[in-house]
Amino acid sequence: MMVPFDLKAQQVIENDTEIPVNEDLSVIPSAKEQGDSSLKSGLWIEVTSNTVSLIRDIATGTKSGYELDRASLFSKANWWFWGEVIPGIHLDAEIGLWKLDHTLYQANSYGANVPDVTWGDGIQGIASLFFAPVSGLNSSTPGVLNKLGFSIKGPHVESRIGYGSLNENTMSGFTGIYNVLDPWDDVGKGFWEFRNGKALQSLGENSSLNVLVALSRMRGEYGLYSVTDLRLGEDVQLAATFTSVSNSTELFRYNEQNLNALSNYGDFRLNETIGIELHVLTTFGTEVPASLDASAVAGRVRFSKGAYTTSVAQSFAGKKADTVWGNNAILDADTATTTWIQTLTLGQSLSFTLDSSLTLAGMDDLTKGQWTGRFQPIVDVSLVPFFSLDLSLSAYGVFLVDRLAENTASDRPWVFRFSEGGIEIKALELSPYVKKILFDYALLAEYGTWSSSRYPLNVLYHSVMTTYDVDDSLGFTGAALFRQKLSEDPAWVPFGFALGFSQKTSITSLGSPRLWAHITYGMDPYESTGYELYRADDPDNRPEHRTFLLNSLYEAVTESRISIGLIWDLK
């Protein structure tokens, strides 16, 4: 299996199939079929009412209750454009028509019973909007450009400019064994990418050369990245990447402060069963001289035959190694890491996976640092052959084994502990009234620091999530979180829950808005100003391993929130 050259921006130029407003426009005819332009536009409007109450006192956190703290009204409207302006020129833009975040009430939790913002003041502010709606609905200047993706595709050169929250149509990326160029959904001040066009890519049958060079102000003050990707048939891929960033506020002083990373990657498929990968990276700059201490090297062997697939990788990363533009968590500086992933698939109904790794910390002397083993068995079962229903079951567990450093315990004991586990049940199309049901339970164990002969267990988190979609229009969500602390703490909040629903209305005269509402207590598992539950394995979190945990173990513990919202997606 070859590792793809992830040129997301350029893929958008070629395919034009995604749009960041929950809409698949792959059926849009091309500009040539429609005439001069396939440009589409629409209006996305959100209105949300939030009421937040405190369930614990601010002073000590030991007194339980339910006291109104604040109420607010949030609204935004974005006018989006998507498609080819003329053949070869693609536009992806969003203009913020308004964005309002208005406080209706704000208590003074530290003073007397005199609110910072009274209901009268809050309602008066809403009433005043009608006298000047355009400026009144905007906390800043009206007509803000939220994002812009502008692509020009020629036979020899392709170029793309990006700014703002481009979602799936963001900058390019590259991952070999290390992630050395990690695309951001929100590219901030933006980038300018250049790539050789299709006329200059082909080197013969199944062989190609792709060259990407980009300037950017996303990271630091100034930066650049480049990827050269060579494919020789179906069995060889060679790639070189260069990434650089400077925190100098003056461009012409880039040479006085910079950090750079150069990497070379190779993927060689020996036959249908075995493949080998190599990845070498060196970091250097004005404050980090090139050296072994600032370098990393990794190799990986893949094997696949019949029902069994496996990959074994070994990485050595110096303490100053840095990808500059990539995911440094995967690089894991100052460690030697071995990973071994195995999967056994039995028919179409059962598969077993073991995701295991061993990390040795301290490249100066790996024998004296802490050793950490991580083992995650995973099982996936499809129950379709047994019940003639679209049911599936998945489960996993995470176990850690540490060998302590000599400066912590002279006998260097091996210490085993359970870290996390979870189970998921999913059912699809059970009846005309059940499109999808999903149930997740996950358990997370949180330990204290090493004490004499063990890691003391401090807290057990029990995370529960369920969703029920009646159809494409109506859905319900529920979540609960049990925080089981094993020591006395009067300020501890042991329980949280959340309930919600969403319904796409059939009120066509009002644009068929989607109505949603939820209530939370002692937790907040919903995405910001939205109705979707937010899991720890959300793509925005760049998850490296499977998890069924909610993403809200520690957020909004002392609050309760009631929210009601409307969303218009006018096309």
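Colleague: Which strand does E4 pair with, and in what sense?
Modeller: In this predicted model, strand E4 (residues 144-153) pairs with strand E5 (residues 157-164) in the antiparallel sense, over 7 bridges. A hairpin of 3 residues joins E4 to E5.

Colleague: What stands opposite lysine 147?
Modeller: Glycine 164 in E5.

Colleague: And which other strand is joined to E5?
Modeller: Strand E8 (residues 191-196), which runs antiparallel to E5, with 6 bridges between them. In that pairing serine 159 stands opposite phenylalanine 194 in E8.

Colleague: Which residues make the nonpolar surface patch?
Modeller: Val157, Ile161, Trp192, Phe194 and Leu215 make a patch of about 440 Å². E5 and E8 are the elements that give two or more residues to the patch.

Colleague: Where does leucine 215 lie?
Modeller: Leucine 215 lies in strand E9 (residues 208-216). Its relative accessibility is 47%, so leucine 215 counts as partly exposed.

Colleague: Back to lysine 147. Which residue forms a salt bridge with lysine 147?
Modeller: Aspartate 92, with the closest N and O atoms 3.3 Å apart. Aspartate 92 lies in strand E3 (residues 89-106) and lysine 147 in strand E4, so the pair ties together parts that are 55 residues apart in sequence.

Colleague: Are aspartate 92 and lysine 147 buried or exposed?
Modeller: Aspartate 92 is buried, and lysine 147 is buried too.

Colleague: How many salt bridges are in the whole structure?
Modeller: A search finds 25. One of the pairs is glutamate 559 with arginine 70, at 3.3 Å from N to O. Glutamate 559 is in strand E26 (residues 559-570) and arginine 70 is in strand E2 (residues 64-86), so this pair ties together parts 489 residues apart in sequence.

Colleague: What is the relative accessible area of glutamate 559?
Modeller: 23%, so glutamate 559 is partly exposed. Arginine 70 has 28% and is partly exposed.

Colleague: Which residues are linked in a network of salt bridges?
Modeller: Asp267, Glu277, Arg300 and Arg302.

Colleague: Now confidence. What is the mean pLDDT of the protein chain?
Modeller: The mean is 87, and 91% of the residues reach 70 or more.

Colleague: Where does pLDDT stay under 50?
Modeller: Over residues 1-34. The model has 96 contacts beyond four places in sequence for that stretch.

Colleague: Why not read those in detail?
Modeller: Because where pLDDT is low, the predicted coordinates should not be read in detail.

Methods. Residues are numbered from 1 along each chain as its sequence is written. This is a predicted model: local features need pLDDT of at least 70, side-chain atom pairs count only at pLDDT 80 or more; totals for chains, interfaces and linings use all residues. Side-chain values use heavy atoms; hydrogens and water are left out. Two strands pair if DSSP finds at least two bridges between them. Helices (H or I, at least four residues) and strands (E, at least two) are DSSP runs, numbered from the N terminus. pLDDT is the predictor's confidence in each residue, from 0 to 100. Contact means heavy atoms within 4.5 Å. Patches are made of residues with over 30% relative accessible area and no salt bridge: like charges are joined within 9 Å, nonpolar side chains (Val, Leu, Ile, Met, Phe, Trp, Tyr) within 5 Å. Accessible areas come from the Shrake-Rupley method with a 1.4 Å probe; for residues, only the protein chains shown count as cover. A salt bridge is a side-chain nitrogen of Lys or Arg within 4 Å of a carboxyl oxygen of Asp or Glu. Buried means under 20% relative accessible area, exposed over 50%, partly exposed in between (1.4 Å probe, protein chains only).
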